[in-house]
Amino acid sequence: MNKKEILENIKKEALNNHVPIIEDEPLKLIEVLLKIKKPNKILEIGTAVGYSAINFSKYLVGEDSKLKTIEIKEAMYNKAMENISLMDLDKKIEVVLADAGEYMKSIPNEEQYDVVFIDAAKGQYLVYLQEAIRLTKVGGIIVADNMLYRGRTLSDYNDHKHRTATNRLREYLEIMKEDERLDSTLIKIGDGLAISIVVKK
Ligand SMILES: C[S@@+](CC[C@H](N)C(=O)[O-])C[C@H]1O[C@@H](n2cnc3c(N)ncnc32)[C@H](O)[C@@H]1O
């Protein structure tokens, strides 16, 4: 099997197992951004089986380029490691088994990223955003997936079940608009992508 076929299989297997991987349209948009940005360092929050990390890693530029991705579930971490190995990307992608919020807080200021992709616990999106701002270079990009939360974020949805996550996503949208360090837009493709450029620190 060639790499393209292996990646197709990773995608198929994830979808068959109901693993929530990035949808095709947002993936395409991020790939275009990455092609323009030519990142040397990418940080991903929420690995699952490594599907988005593997796709993004194609756009890393430079010998020392690297993508670091954080996952809290051991079973996902193990599957991601297996998939990354199958794709021969062990040297380019580092998977960290940790709570992303806690782990991000432990990253020193000197470790700066060109692109941060947020795709984990929605109730933690504000923590991820604040840490992402700290860890993204000026001119770097912060992308957050699932901002529409299947229609809940921009509606008057207020059911108990998803209330905290919905409120956090609403707050994220407010902050990304108002924070002077960011220039942001919400793109309504897939489940909604928030894209912010860090314009100053
Ligand atoms: C939407 S999936 C990620 C999909 C992946 N980015 C892709 O597109 O291929 C979200 C992942 O975040 C992980 N996650 C949830 N809470 C987390 C946390 N607090 N820290 C790290 N990972 C977390 C979940 O276990 C799940 O695997």
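**Exercise 1.** Determine which atoms of glycine 46 and glutamate 71 lie by the ligand, and at what distance.

*Solution.* Start with glycine 46: one of its backbone N or O atoms is 2.8 Å from a ligand nitrogen atom. For glutamate 71, a polar side-chain atom is 2.6 Å from an oxygen atom of the ligand. A polar contact is a pair of N or O atoms within 3.5 Å. The model is predicted: local features need pLDDT of at least 70, side-chain atom pairs count only at pLDDT 80 or more, and totals for chains, interfaces and linings use all residues. Residues are numbered from 1 along each chain as its sequence is written, and side-chain values use heavy atoms, without hydrogens and water.

**Exercise 2.** Describe the shell around the ligand by residue class.

*Solution.* First, count: 21 residues surround the ligand (a heavy atom within 4 Å), and Ile22, Gly46, Glu71, Ala100 and Asp119 are the closest. Next, sort them: 13 are nonpolar, three polar and five charged. In this scheme Ala, Val, Leu, Ile, Met, Phe, Trp, Tyr, Cys and Pro are nonpolar, Asp, Glu, Lys and Arg charged, and the others, Gly among them, polar.

**Exercise 3.** Classify the ring pair of tyrosine 125 and tyrosine 128.

*Solution.* The structure holds three aromatic pairs (Phe, Tyr or six-membered Trp rings with centres within 6.5 Å; planes under 30 degrees apart are stacked, over 60 edge-to-face, the rest tilted). For tyrosine 125 and tyrosine 128 the centres are 6.0 Å apart and the planes at 55°, so this pair is tilted.

Conventions:
A polar contact is a pair of N or O atoms within 3.5 Å; within protein, one must be able to donate a hydrogen and the other to accept it, and residues adjacent in sequence count only if both atoms are side-chain atoms.
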